[in-house]
Amino acid sequence: MLDFKDKVVLITGGAQGFGRVLANAFAERGAKLALCDINDEGGEETLAQVKAHGTDGFYQHADIAQESDVESFVAATVKRFGRLDVAINNASKEITGPTLDLPSEDFGTVVDTNLKGTYYCLKHEVAQMRKNGGGAIVNQASVTSSMTGVPDNGLYAATKGGIIGLTKSAALQVAPENISINAIASCAFDIPDDMFLRWIDDHKVSRKEACGWLPIKRLGKPEEIAAATLYLASDEARFVVGAVLTIDGGFTAQ
Ligand SMILES: NC(=O)c1ccc[n+]([C@@H]2O[C@H](COP(=O)([O-])OP(=O)(O)OC[C@H]3O[C@@H](n4cnc5c(N)ncnc54)[C@H](O)[C@@H]3O)[C@@H](O)[C@H]2O)c1
């Protein structure tokens with residue numbers, strides 16, 4: 001069950017937070033890892049952790065907002081390992097502030113990374129998976145998307161809602177080709193350096209208060225986001241097509 005031995009797994013945004021947790025989770029299960037980020041120091045640190053599991057991997061600087069970077073990262077993965085089995089589209093940018101009062105250029109910046117970047121990744125990953133005869137892709141959306149709004153995170157929410165739409169449409173296109181595409185909508189994880197902890201710190205919200213927002217009354221654990229992602233990336237989940245797996249301690253069920 002959920003065996004990734006010798007599977008080739010690509011993760012964008014692998015330098016910290018979820019990306020690092022996921023890289024380690026796949027490495028523990030024997031996967032070969034291709035990591036990219038724009039934070040090279042963090043990316044190299046994650047690579048060192050992956051290698052400590054005795055598995056093979058490499059890190060490459062790639063800005064997913066640039067299609068040529070994405071193309072060259074996918075090509076480097078195939079050059080190194082010969083194929084691509086799993087892709088986790090995890091890299092993300094947020095610019096917070098009152099949604100309708102931010103400079104208009106900020107919208108383009110967030111769209112370029114989160115939405116266009118995910119589109120570039122999907123395109124180049126699918127092109128390779130077609131050559132393999134199949135694969136699995138997991139896009140990191142968020143509950144801050146088409147599911148819930150946040151007054152000062154509207155640009156991020158718009159792009160994450162877009163990722164959900166893109167996930168479903170792309171999944172339908174490639175399902176007959178043995179390629180699964182699904183999304184995860186999460187919130188409130190207790191993972192070092194992650195986006196949620198930065199947000200609560202910036203907004204002077206204590207962890208205790210943040211836990212109070214969730215029916216489960218605690219933050220998510222790293223192993224819980226890893227378990228959800230591993231499942232969607234596994235062969236066992238191939239009948240799951242265009243789904244959005246919500247993992248949020250009940251936040252959106254309220
Ligand atoms: N942390 C949470 O609780 C939470 C909640 C909902 C959704 N998510 C989603 O999960 C994913 C990971 O979240 P996180 O908390 O680890 O975020 P994070 O901000 O800690 O990490 C994102 C990573 O992406 C990298 N990145 C940013 N722009 C990039 C670009 N243009 N090209 C390549 N890399 C780039 C960053 O350098 C960073 O290493 C994101 O897609 C996020 O939207 C996280």
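Analyst: In this predicted model, the side chain of Thr-12 reaches the backbone nitrogen of Ala-91 at 3.0 Å. That side chain also reaches the backbone nitrogen of Asn-90, at 2.9 Å. Where is Thr-12 placed? Thr-12 sits in strand S1, which covers residues 8-12. Is Thr-12 buried or exposed? Its relative accessibility is 1%, so Thr-12 counts as buried. The cut-off for buried is under 20% relative accessible area.

Now look at what surrounds Thr-12. Leave out residues up to four places away in sequence, and Thr-12 touches Cys-36, Ile-64, Phe-73, Ile-88, Asn-89, Asn-90, Ala-91 and Cys-121. Asn-90 and Ala-91 are among these contacts, and their backbone nitrogens are the ones that the Thr-12 side chain reaches.

Asp-6 lies in the segment before S1. Its phi is near 65°, a positive value in a residue other than glycine. Most residues other than glycine have a negative phi. Asp-6 is partly exposed, because its relative accessible area is 44%.

Lys-204 lies in the loop between helix H6 (195-202) and helix H7 (207-212). With a relative accessible area of 74%, Lys-204 is exposed.

At 17% relative accessibility, Arg-20 counts as buried. Which residues does Arg-20 touch, not counting those up to four places away in sequence? They are Gly-14, Ala-15, Gly-42, Glu-45, Thr-46 and Gln-49.

H1 also has a helix partner. Two packed helices are described by the angle between their axes and the distance between the axes. For H1 (residues 17-28) and H8 (residues 222-233), the axes come within 9 Å and cross at roughly 60°. The crossing is right-handed. On the H1 side, the contact is made by Phe-18, Val-21, Leu-22, Ala-25 and Phe-26. On the H8 side, Pro-222, Ile-225, Ala-226, Thr-229, Leu-230 and Ala-233 take part. By class, this contact has 10 nonpolar residues, 1 polar residue and no charged ones.

Follow the chain past H8. Val-240 is found in the loop between H8 and strand S7 (244-247). Val-240 is in contact with Ser-180, Asn-182, Tyr-231 and Leu-232, leaving aside neighbours within four places in sequence. Val-240 and Ala-171 are 69 residues apart in sequence, yet their C-alpha atoms are 9.6 Å apart in space.

Helix H4 (residues 104-132) and helix H5 (residues 154-174) pack at an angle of about 20°, with axes 9 Å apart. H4 and H5 are therefore roughly parallel to each other. The cut-off for roughly parallel is an angle under 35 degrees. H4 passes H5 in a right-handed crossing. Residues of H4 in the contact include Asp-106, Phe-107, Val-110 and Leu-122. Those of H5 include Leu-155, Tyr-156, Lys-160 and Leu-166. The residues of the contact divide into 14 nonpolar, 5 polar and 3 charged.

Definitions and conventions: Residues numbered from 1 in each chain as written. Predicted model: local features only at pLDDT ≥ 70, side-chain atom pairs only at ≥ 80, totals over all residues. Heavy atoms only, no water. Axes fitted to C-alpha atoms, helices over the stretch in contact; angles between N-to-C directions. Helix = DSSP H or I, 4+ residues; strand = E, 2+ residues; numbered from the N terminus. Parallel < 35°, antiparallel > 145°, perpendicular 65-115°, else oblique. Left-handed = near helix turned anticlockwise from the far one by under 90°. Contact = heavy atoms within 4.5 Å. Nonpolar A, V, L, I, M, F, W, Y, C, P; charged D, E, K, R; others polar. Buried < 20%, exposed > 50% of the residue type's maximum accessible area, 1.4 Å probe, protein only. Polar contact = N/O pair within 3.5 Å; in protein donor to acceptor, adjacent residues only side chain to side chain.
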